[in-house]
Amino acid sequence: MLQRLKQWLGLGERQPRIAEETWREVEATLPFLGFLEEADRLRLRAMATEFLAVKQFHGAQGLQLTDRMLLAIALQACLPVLNLGLQAYSGWVGIVVYPGDFVIPRKEMDADGVVHEYDDEVLGEAWEGGPVLLSWFEDEAPEGVNVVIHEFAHKLDMENGGVDGLPRLRPGMSAQAWAEAFELAYEQFCAQVDAGEETLLDPYGAEHPGEFFAVATETFFEAPALLQEAFPEVYRQLARYYRLDPAAGEGRWAGLQQR
């Protein structure tokens, strides 16, 4: 698969060769990429091509990975690091793709020292220093969830050690400003979830501050204007961290759709 993919991508030659039609077909399944300016979109393609060259993909449970599937994953994985660089994903190489959600055996010790074993049904998981596990749905994908962006947000969170909702901030950013924005928003969000209210973000974000950062990142890229309206300070911090302003891009894109 990897060798075939490299041949298809044209790796090893001076210029990778992916047909414009193929890019367009895959990008059409990811409409939020339309929030990027054309120059950024071309940079994202180049980064996705490099990402595919340096990472190792494996299909689990007999899943056959297709070229378009790999391109879709690469484009979404690279979107958060478009202005940060692929070095943010250094230190690991494996990406395992499952056909739909999957089960991970867990062991937990309670306060009394008793170990409990159970099966945890998940859509994805990122391991510190290890691979990223992703589910892939050809049909009926979970609504309002972007598994790829979510798990790669966890990888960025791990740059700073563990998954706690505080990634390694970029030069010029304030850890205090980040904490104030996210702590207040997290408290408000958890209160909404506890009250049974309908929420903009995936309710799973209430599980832990690290999950809140990941689901906020999903919304930052997929529905940025809504995130900006609901949690303006969180949006401001994410825009500084990712060095992107997708809400402005969404506004441009909406204007083009109305012409």
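1. Among the contacts in the protein chain that join residues at least 6 apart in sequence, 62% are between residues at least 24 apart. This is a predicted model, and every value in this note should be read with that in mind. The secondary structure of the chain amounts to 10 helices and 6 strands.

2. On burial and surface, 47% of the 259 residues in the protein chain are buried. The accessible surface of the chain is about 13,400 Å², and carbon and sulfur atoms account for 49% of that area.

3. Helix α5, which covers residues 147-157, deserves a careful look, because 11 of its 11 residues are buried and the helix is therefore largely enclosed by the rest of the structure. The buried residues of α5 include Val-147, Val-148, Ile-149, Phe-152, Ala-153 and Leu-156, but His-150, Glu-151, His-154, Lys-155 and Asp-157 are buried as well. At the start of this helix, a side-chain oxygen of Asn-146 comes to within 3.3 Å of the backbone nitrogen of Val-148.

4. The aromatic residues form 21 pairs in this model. One of them brings together Phe-35 and Trp-253, whose ring centres are 5.7 Å apart and whose planes meet at 75°, so the pair is edge-to-face. This pair links distant parts of the chain, since Phe-35 is in the loop between α2 (20-28) and α3 (38-54) while Trp-253 belongs to helix α10, 218 residues apart. Phe-35 is buried, with a relative accessible area of 9%, whereas Trp-253 is partly exposed, with a relative accessible area of 31%.

5. Trp-178 and Tyr-241 form another aromatic pair, also edge-to-face, with 5.9 Å from centre to centre and 65° between the planes. Here too distant parts of the chain are linked, with Trp-178 in helix α6 (residues 175-194) and Tyr-241 in helix α9, 63 residues apart. Both Trp-178 and Tyr-241 are buried. These two residues also belong to a cluster linked by ring pairs, which includes Phe-182, Tyr-186, Phe-189, Phe-212, Phe-213, Phe-220, Phe-221, Phe-231, Tyr-235 and Tyr-242.

6. A charged side chain and a ring meet at another place in the model, where Lys-55 lies over the face of Trp-92, at 3.8 Å from the ring centre.

7. Gln-61 is exposed, with a relative accessible area of 59%, while Arg-243 is partly exposed at 41%.

8. How many disulfides does the structure hold? The count is 0. As for individual cysteines, Cys-78 counts as buried at 0% relative accessibility, and Cys-190 is buried too, with a relative accessible area of 15%.

How values were computed
Residues numbered from 1 in each chain as written. Predicted model: local features only at pLDDT ≥ 70, side-chain atom pairs only at ≥ 80, totals over all residues. Heavy atoms only, no water. Buried < 20%, exposed > 50% of the residue type's maximum accessible area, 1.4 Å probe, protein only. Helix = DSSP H or I, 4+ residues; strand = E, 2+ residues; numbered from the N terminus. Polar contact = N/O pair within 3.5 Å; in protein donor to acceptor, adjacent residues only side chain to side chain. Contact = heavy atoms within 4.5 Å. Areas by Shrake-Rupley, 256 points an atom, 1.4 Å probe, with all protein chains shown as cover. Disulfide = S-S within 2.5 Å. Phe/Tyr/Trp six-rings, centres within 6.5 Å; stacked < 30°, edge-to-face > 60°. Lys NZ or Arg CZ within 6 Å of the ring centre and 35° of its normal.
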